[in-house]
Amino acid sequence: MADCRPAPPETADRGRAEKRFQNSLGLGHSFKRVALTKPTFCHHCSDFLWGLSGFLCEACNLMCHEKCLKTLGSACSSAAPSAVRIPVAHCLAPDAHKRRVCCVCRKQTEGNGALRCQVCELHVHADCVAFSCADCRQCHVDGPPPQDTFHHHWREGNLSPAARCQACRRTCGSSDVLAGVRCEWCGVTCHAACRPSVAPECDLGPLRRLMLHPACVRLPSGNSSERRCFRIAEGAGRSPGDGDDVESPGDGPPAAPERGKRFVKVYDGDEALESARFRLVSVVRTAGNREILEAALRAFYLPGDPRHFQLQEAGGLGRLRGDDERNGDPGDGAAWILRAKGGGAEVIQVYGGAARRGRDFVGVGVSQDATAASVLAEVLPRLALRASAPSDLRDGAFSGSPGKDDATPFELQEVFMSAKRVEKQTLTPQQNILERLHDIRKMSLRRMNLTRFYVAERQSRAPAQVSLLIGGLPPLLSKEQYWQLTEEALDLKSHLADISHVYAGRGAVGLRLRCWSEAERVFTSARAARVRGRSLTPLVIPDVRAGPAGEDVRPLLVFVNPKSGGLKGEELLRGFRKILNPHQVFDLSNGGPLPGFHAFRALPSFRVLVCGGDGTVGWVLGDLEALRHQLACREPPVGIVPLGTGNDLARVLRWGAGYGGEDPAHILACVDEADEVPMDRWTVLLDARDLGEDGAETFPEAPKIVHMSNYLGVGIDAELSLDFHRARQDDPDKFTSRYGAPVPLRSTGLRLVCERRLLGSRVDLRPKTSRRPSPSRETLPVSVLPPSDLRRVCKTAKLATTCERRPPLLSVLSAARFHNKGVYVKAGLQKISAARSLHRELQLQVDGLDVALPNVQGLIFLNIPSWGSGADLWGSEADARYSKPSIDDGLLEVVGVTGVVHMGQVQSGLRSGIRIAQGNYARVTLRKAFPVQVDGEPWLQPPGHIVVSAAGPKVRMLRKSKRKPEKATHGAKDERWESSAPSDRRADGMKPRP
């Protein structure tokens with residue numbers, strides 16, 4: 001913001017004239033001409049302010065040219081609540097981004113006090129939260145779908161400097177000031193003055209085919225926070241002061257006032273006085289009563305004529321010393337309460353809300369004897385809402401009497417539009433409106449500015465249908481047993497709740513409740529309840545239905561594993577929530593995939609996007625297969641954003657070797673253009689059997705079934721993964737980086753083992769600064785190695801020297817990565833000389849035929865042509881005995897490895913595995929316990945049988961198209977997503993051979 005000071009006295013009259021002119025436009029600004037002492041930009045046109053003066057709003061700090069006053073379209077923060085159409089609270093969390101501008105005071109948000117909304121692009125100081133309103137985007141409807149068109153939801157400022165206006169095609173963004181507006185659904189950007197030139201209808205932009213339209217999502221609104229509605233964990237990303245209703249910069253030690261000024265402590269009502277929350281108003285020492293009063297109104301962002309307010313001195317314990325307006329000169333330590341002067345009749349605005357069919361609101365005059373019933377009788381005809389007997393309304397007939405319930409379907413609600421929470425309160429028919437207004441103003445003038453009245457349909461006419469998904473119950477029970485358990489644990493009432501869906505295999509049930517207050521009570525009880533020693537997991541699930549969208553619309557169901565990829569999972573979770581409807585984005589750490597499939601169960605067609613590693617993809621595919629019969633769309637295609645470390649399936653489907661920080665809008669555009677391909681999925685039956693001394697078979701554990709998508713390993717491959725898994729369990733603090741998963745580090749460690757075995761001790765791959773001469777070992781510089789050896793070790797040498805050139809955070813991650821790599825190197829070196837002949841300890845059958853095994857230490861069953869972070873274990877050489885492998889050929893490829901060195905050579909591209917067999921059914925008999933892994937998950941399998949067979953129908957996957965996707969930027973590209981993808985990868989993510 002510009003450094004400003006008051007203009008000379010000769011310009012005061014002109015400044016007051018401009019102030020009166022701007023207030024007549026209804027934007028709420030209070031402009032004055034100021035002298036500029038540093039370079040400043042206009043908040044309207046984002047151009048440089050040439051000259052020595054500009055016009056500054058004393059309330060919201062908006063600065064603009066004199067020529068821009070006539071075309072200004074941005075409302076003051078004090079008038080922002082009046083522009084809210086449907087109040088929706090924000091989900092605030094700490095903001096780590098720099099170069100953002102507060103949407104209330106228009107100053108830069110730097111430091112630890114910055115907050116952001118996890119659903120929209122609101123950025124605000126923690127001190128300014130109390131003066132922002134509930135203007136988040138509406139992602140669902142409460143009641144019947146609206147019949148009018150879907151409009152843009154504009155958010156001002158924080159645009160990329162390259163953003164272009166949709167109307168005039170000029171630059172409308174700025175990183176220095178709050179300039180320009182952007183629709184948070186379709187991404188259209190324009191100037192605030194050009195907004196009337198843009199069509200009001202929103203088509204959801206280039207990603208409309210993947211978007212879940214808000215009209216298709218029904219969720220009754222109560223006094224619950226939006227975090228519960230969007231399934232955002234209550235403890236994650238909580239903003240400072242989430243439990244406080246008011247925040248004030250007076251909480252900390254105040255800074256010294258400027259020269260010639262002083263601070264006056266002002267409260268906005270009895271509520272602030274009781275909680276000791278005030279604002280320090282800076283005024284000149286010679287300021288009079290009117291100047292102090294105007295400064296106090298601006299500090300609390302309160303619109304209105306100062307003649308309608310007064311300051312009263314606050315006494316001890318919150319008591320007022322008198323009712324008269326102060327007449328003395330307040331001292332620096334005096335405290336004052338801002339009050340509204342009492343008057344006669346007033347005019348209130350009553351909104352139609354979800355029941356509206358005509359105008360947005362109407363103005364109603366209220367007198368001393370005006371009640372909620374009389375206000376309803378006056379506004380219903382003007383809002384085009386029908387009431388059969390207005391006289392019954394005036395007589396208070398809608399109080400709930402059974403005889404007249406059918407003639408009075410509406411009620412009057414008082415709504416408090418706080419930025420953190422929208423609170424609704426139904427007024428009784430006999431409630432005196434004028435007395436209620438006086439009570440709210442006495443409590444808090446700021447609260448009165450954020451309060452409005454709505455006409456709502458009575459719940460007795462349209463009872464709320466709230467869906468809760470309760471997880472953590474014992475699995476494999478009947479519906480009656482689940483009802484008995486939940487009824488006892490949650491004290492359910494049969495006339496208000498029932499079980500709508502049962503997921504016995506997952507130990508979860510869907511509850512349907514007919515009252516929002518009852519749903520709130522059940523949700524709170526479930527969070528603290530335990531059933532058979534297990535904690536319950538309650539989630540609010542919206543009612544998602546197919547809407548009147550086009551046939552090409554297939555909403556995208558997004559699953560994000562925030563524990564994958566370091567911090568990248570959290571970034572993607574926030575990015576997808578802001579671009580898509582947050583009701584279609586699910587956090588896998590909060591209930592798993594079941595809540596997403598339960599919410600989308602009624603849609604006839606949709607797509608799935610999984611953001612995570614191969615284990616996360618297998619998790620989602622497993623739940624999809626188990627819930628397939630309960631979905632209207634039995635086979636939704638599944639795409640992948642690789643956040644893991646191996647990402648072999650993502651490589652085969654061309655999604656790349658890993659996530660490099662791409663723009664989420666670009667990822668969604670690629671998903672929209674992706675091709676559907678079938679893929680085999682296999683069932684692995686683990687039947688443990690132990691042969692006793694008398695020859696009788698015993699069963700040490702019950703048979704279990706797991707599903708396989710990538711590969712199954714028995715022997716040395718699974719043993720290395722199991723060793724790493726155990727080391728991570730023994731000391732988890734050393735395995736906290738995103739590089740801690742086994743597959744790629746196993747491959748890196750195996751390469752080191754391989755190079756050390758091939759080259760002996762001739763090469764020193766340590767960083768140059770850490771080398772020490774050793775008289776007992778002769779080292780050979782890399783520069784004099786033969787070309788064949790040099791090419792094999794260059795990648796490993798690059799890993800050892802990259803850490804020096806990285807930023808501090810990446811250096812820490814690299815240190816953790818080298819620690820994990822060291823664990824694999826140690827495990828691999830210990831097993832180089834180990835002798836294990838699998839053909840003596842297990843028996844293999846493929847398609848019912850016994851297969852003779854060569855002398856190998858590991859047996860691997862492949863479903864996809866990628867293993868161990870992109871290595872081609874089967875090889876590309878043609879063989880007449882076998883067909884070319886494919887992910888949908890219905891065949892498994894059985895490959896053997898002779899040991900750790902062989903695995904390292906495969907990772908380096910020097911060799912391929914030993915081809916053993918190919919078929920659609922495999923049976924392995926273990927004579928002793930062996931390490932086994934399926935898709936990177938290792939364990940020790942007792943003796944018995946392992947049967948691998950096809951798992952029903954093929955799953956449909958999304959393969960990234962080779963053609964360049966159509967341009968689908970969600971507005972201008974955000975600078976926080978700018979990054980470049982690795983250039984040394986092939987399009988399919990496979991590693992090129994050296």
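D672 is buried, with a relative accessible area of 15%; here buried means under 20%, exposed over 50% and partly exposed in between, with a 1.4 Å probe and protein chains only. The model is a predicted one, in which local features need pLDDT of at least 70 and side-chain atom pairs count only at pLDDT 80 or more, while totals for chains, interfaces and linings use all residues. Residues are numbered from 1 along each chain as its sequence is written, and side-chain values use heavy atoms, leaving out hydrogens and water.

The partner of D672 is R209, and the closest N and O atoms of this salt bridge are 2.8 Å apart. A salt bridge requires a side-chain nitrogen of Lys or Arg within 4 Å of a carboxyl oxygen of Asp or Glu, and 32 are counted by this rule. R209 is partly exposed at 28% relative accessible area.

A second pair, R521 and E518, has its closest N and O atoms 2.7 Å apart. Both residues belong to helix α10 (residues 516-528) and sit 3 residues apart, about one turn of the helix; helices are DSSP runs of H or I with at least four residues, numbered from the N terminus. E518 is buried at 7%, whereas R521 is partly exposed at 28%.

Technical notes: Helix = DSSP H or I, 4+ residues; strand = E, 2+ residues; numbered from the N terminus.
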